[in-house]
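Subject: Structure handover

Dear colleague,

I am passing on the structure we spoke about, and below it I have set out what was found. Please read the notes with the structure open beside you.

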Amino acid sequence: MSKLTGDILSGGGILLAGGSGICTLGVSLWMLVAEGGGSSERAAGLAIVAVFGGIPFLTGMSLFFIGRAISKRAQK
Amino acid sequence: LNKSRASDDSKSICVNFSQQTTAARWLPSPKATVVYRIRQQRKSKLIQIPTHPLVHLAFDMAAYVCAGLAARSSRGLFRQRIERLARISNASYFISLAVGALLGAWFFGSLNSLSWKQPTLSHSLAGALVGGIFAVEIWKWKHDITESTGITFVIPVCAGIVVGRIGCLFSGLADHTFGTESTHPWAVDLGDGIARHPVQLYESFSVLLFLGCFLLAIIRKNELVLKQGFYLFTGFYAVQRFTWEFLKPYPVQFHLNVFQWLMVLLFMYSILFAQRKARTR
């Protein structure tokens, strides 16, 4: 059963990273481009993009690797 | 006043203005004042929704957490099905499901949004559902599995939709999931002062209603729902989404928009596969 849990986590991780993560990265970048501003404002904007887009992407990727690890351990 | 009458009045006001002298143009006509007051009254009665595009992220996360919790808490209801799924599936099943859902989401979402005045890439829940189902059916065909494996996903998917759609509402106009103009008392203002159908809530509530009925049927061990539960869900989702799409300002091809055509396909899938399952019983 823990193999199934690991597989589900892997699938969920791909969905989270590829859906919410990439989408939020896109939306944040779009907001940054639309608002414009100077170089310092852009740098701050990029940090916000990294935080808001990066969190779901990294969470998704983490879930994927954790799931793979659980699945492999269960197989052994 | 309804919308058409108001727009007619506006046109007549413009004509009146053009006929007036230059000095008189600075004073609004009594008719224009009445129209302005009615619009302001309607605007003040609207349900104002505070929105921000990044709210979607919080609700996305909440949707995933709720789906996970729903899966965990409902596993007792489908113990045998889950054990069976664990025996017949492997990692490739879930990876196919996730990749299919992602491809479907981005492909069908973008197919719709690339035909807007300002073309953009996007992803959609309907596309994810169809893409995921398509990928799993191919996986099952390759692994020579004919039984339905979807019923265990119904409760988590429903929970995810119910929460996720609320996020779409609070994301406002930037999310492009808003409804058309409405004169109903429950119409919402997403920041542009226009009364709109809260279509996101329509979908959220209808799926919540289905979830309640589905849970009740499962607890009562309804045979039809236990055997055809997944196809009942996909059929229901297709019908309700097809209906709500009439309240969205998306471009149409051959009288229906991209998602409505997709829901026609999903509904046909539900009927065909439910019949196939009934025959192989």
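This is a predicted model: local features need pLDDT of at least 70, side-chain atom pairs count only at pLDDT 80 or more; totals for chains, interfaces and linings use all residues.

In chain B, Glu203(B) and Arg165(B) are joined through their side chains by a salt bridge, with an N to O distance of 3.2 Å. This pair connects distant parts of the chain, since Glu203(B) belongs to helix H8 (residues 199–219) and Arg165(B) to helix H7, 38 residues apart. Glu203(B) is buried, at a relative accessible area of 2%, and Arg165(B) is likewise buried, at 6%.

Over all chains, the structure holds nine salt bridges. One of them is formed by Arg84(B) and Glu147(B), whose closest N and O atoms are 2.7 Å apart; here Arg84(B) sits in helix H4 (residues 79–88) of chain B, while Glu147(B) is in the loop between helix H6 (125–142) and helix H7 (151–171), 63 residues apart. Arg84(B) is partly exposed, at 34% relative accessibility, and Glu147(B) is partly exposed as well, at 29%. Another salt bridge brings together the side chains of Glu137(B) and Lys140(B), at 3.7 Å from N to O, and these two residues both lie in helix H6 of chain B, three residues apart, which is about one turn of the helix. Lys140(B) is buried, with a relative accessible area of 2%, and Glu137(B) is buried with 17%.

Turning to the aromatic side chains, a search of the whole structure gives 20 aromatic pairs over all chains. Among them, Phe230(B) and Tyr231(B) have ring centres 5.9 Å apart and planes at 70 degrees, so this pair is edge-to-face. The rings of Tyr231(B) and Phe273(B), by contrast, have centres 6.2 Å apart and planes at 40 degrees, and the pair is therefore tilted. Because Tyr231(B) lies in helix H9 (residues 223–244) and Phe273(B) in helix H10 (residues 258–279) of chain B, the pair ties together parts that are 42 residues apart in sequence. Ring pairs link these residues into a cluster that includes Phe230(B), Tyr231(B), Phe233(B) and Phe273(B).

Finally, in chain A, a nonpolar patch on the surface is formed by Ile48(A), Val51(A), Phe52(A) and Ile55(A), with about 320 Å² of accessible area together. Phe52(A) lies in helix H2 (residues 39–75).

Note on methods:
Residues are numbered from 1 along each chain as its sequence is written. Chains are lettered from A and ligands numbered from 1 in the order in which they are written. Side-chain values use heavy atoms; hydrogens and water are left out. Patches are made of residues with over 30% relative accessible area and no salt bridge: like charges are joined within 9 Å, nonpolar side chains (Val, Leu, Ile, Met, Phe, Trp, Tyr) within 5 Å. Accessible areas come from the Shrake-Rupley method with a 1.4 Å probe; for residues, only the protein chains shown count as cover. A salt bridge is a side-chain nitrogen of Lys or Arg within 4 Å of a carboxyl oxygen of Asp or Glu. Helices (H or I, at least four residues) and strands (E, at least two) are DSSP runs, numbered from the N terminus. Rings of Phe, Tyr and Trp (its six-membered ring) pair if their centres lie within 6.5 Å; planes under 30 degrees apart count as stacked, over 60 as edge-to-face and the rest as tilted. Buried means under 20% relative accessible area, exposed over 50%, partly exposed in between (1.4 Å probe, protein chains only).
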